[in-house]
Amino acid sequence: MSSDGAVHMAAGMVGYLALCAALVVLAGSLAGRGHDGWAVASRLVPVAVLAGFAASAAYVLAFTAGAVLACCG
């Protein structure tokens, strides 16, 4: 990965984590105003985003492990 690619990935990670944090904070305000459905959605979306990142990372690690094993065999 190039240095530009690494900076892009790092900035994306910071941006998505900031978005998740903002949604969690927004959920409290929405719940206080009686918008319970939106509050629940604002709490579930960050969980889905982080689960997607975790699944993606697990897939990349599994692919890399398979490639290494294939090269060693």
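This is a predicted model: local features need pLDDT of at least 70, side-chain atom pairs count only at pLDDT 80 or more; totals for chains, interfaces and linings use all residues.
**View 1. Helices α1 and α2 along their lengths.** Helix α1 covers residues 3-32 and helix α2 covers residues 36-72. For α1, 30 residues at 1.5 Å a residue should span 44 Å, and the separation of its end C-alpha atoms, 44 Å, agrees with this. After α1 comes Gly 34, which has a positive phi, near 90 degrees.

**View 2. The crossing of α1 and α2.** Two packed helices are described by the angle between their axes and the distance between those axes. Here the axes of α1 and α2 come within 7 Å and cross at roughly 160 degrees. Angles over 145 degrees count as roughly antiparallel, so α1 is roughly antiparallel to α2. The crossing of the two helices is left-handed.

**View 3. Residues in the contact between α1 and α2.** On the α1 side, the contact is made by Tyr 16, Leu 17, Cys 20, Leu 23, Val 24, Leu 26, Ala 27, Gly 28, Leu 30 and Ala 31. On the α2 side, the contributing residues are Asp 36, Trp 38, Ala 39, Ser 42, Arg 43, Val 45, Pro 46, Val 49, Leu 50 and Phe 53. By class, the residues of this contact comprise 16 nonpolar, two polar and two charged.

**View 4. Buried residues of the two helices.** In α1, the buried residues are Gly 5, Cys 20, Leu 23, Ala 27 and Leu 30. The buried residues of α1 pack against α2. In α2, Ala 39, Ser 42 and Pro 46 are buried, and the buried residues of α2 pack against α1.

View 5. Ser 42 belongs to helix α2. Its relative accessible area is 7%; buried means under 20%, so Ser 42 is buried. Leaving aside residues up to four places away in sequence, Ser 42 touches Leu 23, Val 24, Leu 26, Ala 27 and Leu 30. One of these neighbours, Leu 26, is found in helix α1. Leu 26 has a relative accessible area of 39% and is therefore partly exposed. In sequence, Leu 26 and Ser 42 are 16 residues apart, while their C-alpha atoms lie 6.9 Å apart in space.

**View 6. Gly 32 in helix α1.** Gly 32 is part of helix α1. Is Gly 32 buried or exposed? Exposed means over 50% relative accessible area, and Gly 32, at 68% relative accessibility, therefore counts as exposed. The C-alpha atom of Gly 32 is separated by 20 Å from that of Leu 19, and these two residues are 13 residues apart along the chain.

**View 7. Ala 51 in helix α2.** Ala 51 lies in helix α2. At 44% relative accessibility, Ala 51 counts as partly exposed. Ala 51 and Leu 30 are 21 residues apart along the chain, and their C-alpha atoms are separated by 23 Å. Leu 30 is one of the buried residues of α1 and is among the residues touched by Ser 42.

Note on methods:
Residues are numbered from 1 along each chain as its sequence is written. Side-chain values use heavy atoms; hydrogens and water are left out. Axes are lines fitted to C-alpha atoms, for helices over the stretch in contact, and angles run from 0 to 180 degrees between N-to-C directions. Helices (H or I, at least four residues) and strands (E, at least two) are DSSP runs, numbered from the N terminus. Angles under 35 degrees count as roughly parallel, over 145 as roughly antiparallel, 65 to 115 as roughly perpendicular and the rest as oblique. A crossing is left-handed if the near helix is turned anticlockwise from the far one by less than a right angle, and right-handed if clockwise. Contact means heavy atoms within 4.5 Å. Ala, Val, Leu, Ile, Met, Phe, Trp, Tyr, Cys and Pro count as nonpolar, Asp, Glu, Lys and Arg as charged, and the others, Gly among them, as polar. Buried means under 20% relative accessible area, exposed over 50%, partly exposed in between (1.4 Å probe, protein chains only). The expected span of a helix is 1.5 Å times one less than its number of residues.
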